[in-house]
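Please look over the sequence and the structure below before reading on. The notes that follow are grouped by topic.

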Amino acid sequence: MLHLGKHLLLQRQQQRCREPPGPFAWPLIGNAAQLGSTPHLAFTRLARAYGDIFQLRLGTWPVVVLNGEQAIRQALVRQGATFAGRPPFPSFQLVSGGRSLAFSTYSELWQLHRRVAQGMVRSFSTGGAGARRRLEQHLLAEAQALLRLLAWGSSGGAFVDPARSLVVAVANVMSALCFGHRYSHSDSEFLHLVGRNEQFGQAVGAGSLVDVLPWLRCFPSPVRAAYAAFRELNRDFYGFVRAKFVQHHGSLHPGAAPRDMMDAFIRLQQEQPRLPLEHVPATVTDIFGASQDTLSTALQWLLLFLIRYPNVQAKMQEEIDKIVGRDRLPSAEDQPHLPYVMAFLYESLRFSSFVPVTIPHATTADTCLMGYLIPKDTVIFVNQWSVNHDPAKWSNPEDFDPSRFLDEKGFLNKDLTSSVMIFSLGKRRCIGDELSKMQLFLFTSIFVHQCNFTANPNEDPKMDFTYGLTIKPKPFTVNVTLRDSLDLLDSAVQRLQAEKTASENHLSANL
Ligand code: HEM
């Protein structure tokens, strides 16, 4: 009875709801041609004309675009389950062997999958002192290798392009967490695997034509080439992780402590047989894959801001030197005492908004959102950029100014930091948010504690970017010089390596 009453109420509400407004859609292509090379900016312009909720058509797909904090919160949080679906785009089925957590739609199995994956990521990153220490250990090893490489490349006042080394550094942190293995910066096979991030993001970013105009794939075109590259990339990536899974599955002794996240997942699946075994490599592929493009792009932006705003870099060094000193390295425990460093991180995430639009969502039922009727199976684009650049929320949003996050006493304003939208909200919120923030904090604070970063005066200071699922800065070079020596990092890495070897010996002696 109650259910029927609710149903009638919803029906009445929906009768009062109207279709969202939107621009005229052309036959065949709909509004595809209007999005241009920067869909998030096109959406923000269209929101000025039609309001925060408007509709488009891309090919034959009906799309509703959500802009601004209120509409996004209302949909993803207040009506979470209704907006938690994913569209059945053909490209989504190619990810993680077709069992991707990120690209599968909302279902009971998906909810279990997400709970398990989220718990796992937490327990391997921020869940307790042991996990934090293990993460720090992997990260220190990568920071050491990376800074050594960049400083070496900068000798004699040269400038180096840091992009590729950053990709390897973050891929190695995640590879160490997931598979217990790191790769050399000159390992060409690993580079080939992790160096193709752009191709992934360009196929699945909102406004990509790969899925919405499938007929473009029927004859030679950039869309056809992008789809073929995407298919190959996903096959290689899943193949790499699946081979690791087979190795781990075959060598994990009953009763032995898990060596890494893959082992821990295999154990968990054994306790949770409702989750099929193939979901183990699929989930690790998602975790390894989702972290690649995002974290390496974040580090590129952070470095770019350090060199474009040398005063900000100097202020961070001053704060770190005062709190941490020069005799030890910054660590996770320092985070609450370094508000300016944290303000820099949040301002970098806000200003770059480098995941401008989330992975496309889809509605799982007919619904009414702030007076607008949105039928089931509508594709939903969530424009995070519009929240981070809303002039009603941020004064001079186009200025880079970390101090906007500090109160008059210099403390971090937590209300404001939580208004930065880059990890999305609700049931599809990124499961790597805390892990990412911790990695970005550690990398940044170690970078500025150890080195000075200088811009190339021959490069255009304008911060241009390329669009995909993530926005990347156009290639730039940097000069990196050591502030003292790498002795602190070297000895920390040696100490941690000795501890790791001792614990591995202990483990194998007990088997
Ligand atoms: C700064 C780095 C990162 C940013 C900005 C970021 C951002 C995002 C965004 C915007 C989404 C889509 C949410 C939506 O569709 O509404 C997402 C999903 C996801 N992210 Fe991240 N991410 C980052 C790092 C990571 C890392 C390190 C991991 C690995 C643990 C990860 C794992 C995932 C997964 C598995 C999903 C899919 C969630 C779902 O569909 O339910 N991300 N992320």
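Helix H12 gives the most to the shell around the ligand, with 7 residues, in a model that is predicted, where local features need pLDDT of at least 70, side-chain atom pairs count only at pLDDT 80 or more, and totals for chains, interfaces and linings use all residues. Residues are numbered from 1 along each chain as its sequence is written. Helices (H or I, at least four residues) and strands (E, at least two) are DSSP runs, numbered from the N terminus.

**Around the ligand**
- The ligand is surrounded by 24 residues, of which the closest are Ala102, Ser291, Ser424, Cys430 and Gly432; a residue is near the ligand if its C-beta atom, placed from the backbone, lies within 6 Å of it.
- Two or more residues of this shell come from each of helix H4 (108-123), helix H12 (279-308) and helix H17 (433-450).
- By class, the shell has 15 nonpolar, 6 polar and 3 charged residues, where Ala, Val, Leu, Ile, Met, Phe, Trp, Tyr, Cys and Pro count as nonpolar, Asp, Glu, Lys and Arg as charged, and the others, Gly among them, as polar.

- In strand E6 (residues 379-383), 5 of the 5 residues are buried, so the strand is largely enclosed by the rest of the structure; a residue is buried if 20 or more other C-beta atoms lie within 10 Å of its own, exposed if 12 or fewer, and partly exposed in between, with C-beta atoms placed from the backbone.
- Val379, Phe381 and Asn383 point one way from E6, while Ile380 and Val382 point the other way.
- Strand E2 (residues 61-67) runs parallel to E6 and is joined to it by 5 bridges, and Asn67 has Asn383 as its bridge partner in E6; two strands pair if DSSP finds at least two bridges between them.
- Strand E3 (residues 361-362) runs antiparallel to E6, with 2 bridges joining them, and His361 stands opposite Ile380 in E6.

**Helix H14**
- Helix H14 (residues 339-352) has 14 residues and reaches 20 Å from its first C-alpha to its last, close to the 20 Å expected at 1.5 Å a residue, the expected span being 1.5 Å times one less than the number of residues.
- H14 is mostly covered, with 14 of its 14 residues buried, and is followed by Ser353, whose phi is positive, near 40°.

**The protein overall**
- The protein has 18 helices and 10 strands.
- The C-alpha atoms of the protein fill a box of roughly 70 × 55 × 50 Å, taken along the principal axes, and 43% of the 511 residues count as buried.
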